[in-house]
Amino acid sequence: MRTHVMELQEGDRLKTDIFNRAGLHILPKGTSIHTEEIALLIRQSIDYVDIELREGEAVSASKDPKEFTQRLRDNFYFTLKGYQSLFLEALTTGKFNQSMVDRHLVPMLEVLDRNKDVVSLLIAFSEEDVTIYNHSLQVGLLSYYIATWLGYSAEECYEISKAGYLHDIGKSKVRQSIRNNDHELTEEEREEMKRHTTYGYEIIRDSTGEDITALVALQHHEYEDGSGYPGKLPKEKIHPYAEIVAVANTYIGLASPDENRNRQDLLTVLRRIYELGFGKLNEKAVQALTRNLLPNFIGKRAKLSNGETATIVWNNPMDIFKPLVQVDEEQFRDLSRERSIDLEQVFI
């Protein structure tokens, strides 16, 4: 049971060995937690540990994950249907009902606030069939997390999430054959697809009058080196909210299946996003994404490039894609030293 150190109780027992950021062994598996152990964990900047189920919680704890997953999916589909309604309304009238955005998005964000394991959420959402609708929803949800990690206020986080949720609404004005991407686009068709940014700006302005949300729709394909569209804007001209949504949009796009239904592994996507943070995507937003997703890998099973299956036990802050892993009960591999071995895939 993954637990924040400030929520530990006297007598809790560690389910796994604990290592600090330098890779030093701090507490062994099975340690009984008391005030001294909690103080040690805090001094070592360790936020979460895995503990054994507390007495009397075995039954309820076994049910909670399933109940939460079902509640999460119920809210996901409710918010998804809301976006579909918004999209179809924009398709037919050129506008959408602002109140529908709040009615469908707020409950979803409230559920997200009760779950901090973003990796499992992203993997679960990636199992859905990809459409414009769920792509937009996933971008909105990930934008919310990134904004939270960057320290934005609750109100700002909601506005950023809403901007991510609506960022592709302009595709409602693009021909169906083009937006469904069921064939290789011609140059003329690609140019029409790019106009979804301008269409989105106009639709949001006409529907809500919100300049910033509309600006995010216009700018979410701009790059800091000026190579994006539609304005080829330099970094200083791109709104900070648009930079966050651009990171979320790029991540969700890379994590989606290709035309052959193949998906890139989560680690491969994160490595690519990390590279784009040097010149194209906003560095702070990229760092917030990678450094907050990677700690959620701790405790998860992973496939190594040498064919072994291991458990990630510690993230190396100096080399974030080279963690310490445990292969069996007694064998550990420090991938920052064993440079020929890489993480290939992470499992839930």
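Author: Let's start with a word we'll need: a residue is buried when its relative accessible area is under 20%. Keep in mind that what you're looking at is a predicted model.

Reader: Let's get to helix packing. How do I read the pair helix 3 and helix 5: at what angle do their axes cross?

Author: The general idea is to look at the distance between axes, then the angle, then the hand. Here helix 3 (residues 98-112) and helix 5 (residues 132-149) have axes that come within 11 Å and cross at roughly 50 degrees. That angle makes helix 3 oblique to helix 5, and the crossing is right-handed.

Reader: Which residues make that contact?

Author: Helix 3 brings Met 108, Leu 109 and Leu 112, while helix 5 brings Leu 141, Tyr 144 and Tyr 145. Sorted by class, that's six nonpolar residues, with no polar and no charged ones.

Reader: What about helix 3 and helix 6: parallel or perpendicular?

Author: The axes of helix 3 and helix 6 (residues 154-165) come within 11 Å and cross at roughly 115 degrees. Angles of 65 to 115 degrees count as roughly perpendicular, so that is how helix 3 and helix 6 sit relative to each other. The crossing of this pair is right-handed.

Reader: Which residues are in contact there?

Author: From helix 3 you get Gln 98, Val 101, Asp 102, His 104, Leu 105, Val 106 and Leu 109; from helix 6, Tyr 158, Ser 161, Lys 162 and Tyr 165. By class, the contact has six nonpolar, three polar and two charged residues.

Reader: Now a single residue. Is Phe 321 buried or exposed?

Author: Find its place, then check its area. Phe 321 lies in the loop between strand 6 (309-314) and strand 7 (324-326). Its relative accessible area is 10%, so Phe 321 is buried.

Reader: Which residues does Phe 321 contact, beyond its neighbours within four places in sequence?

Author: Those are Leu 267, Leu 270, Arg 271, Tyr 274 and Leu 294. Take Leu 270: Phe 321 is 51 residues from it in sequence, yet their C-alpha atoms are 9.2 Å apart in space.

Conventions
Residues numbered from 1 in each chain as written. Predicted model: local features only at pLDDT ≥ 70, side-chain atom pairs only at ≥ 80, totals over all residues. Heavy atoms only, no water. Axes fitted to C-alpha atoms, helices over the stretch in contact; angles between N-to-C directions. Helix = DSSP H or I, 4+ residues; strand = E, 2+ residues; numbered from the N terminus. Parallel < 35°, antiparallel > 145°, perpendicular 65-115°, else oblique. Left-handed = near helix turned anticlockwise from the far one by under 90°. Contact = heavy atoms within 4.5 Å. Nonpolar A, V, L, I, M, F, W, Y, C, P; charged D, E, K, R; others polar. Buried < 20%, exposed > 50% of the residue type's maximum accessible area, 1.4 Å probe, protein only.
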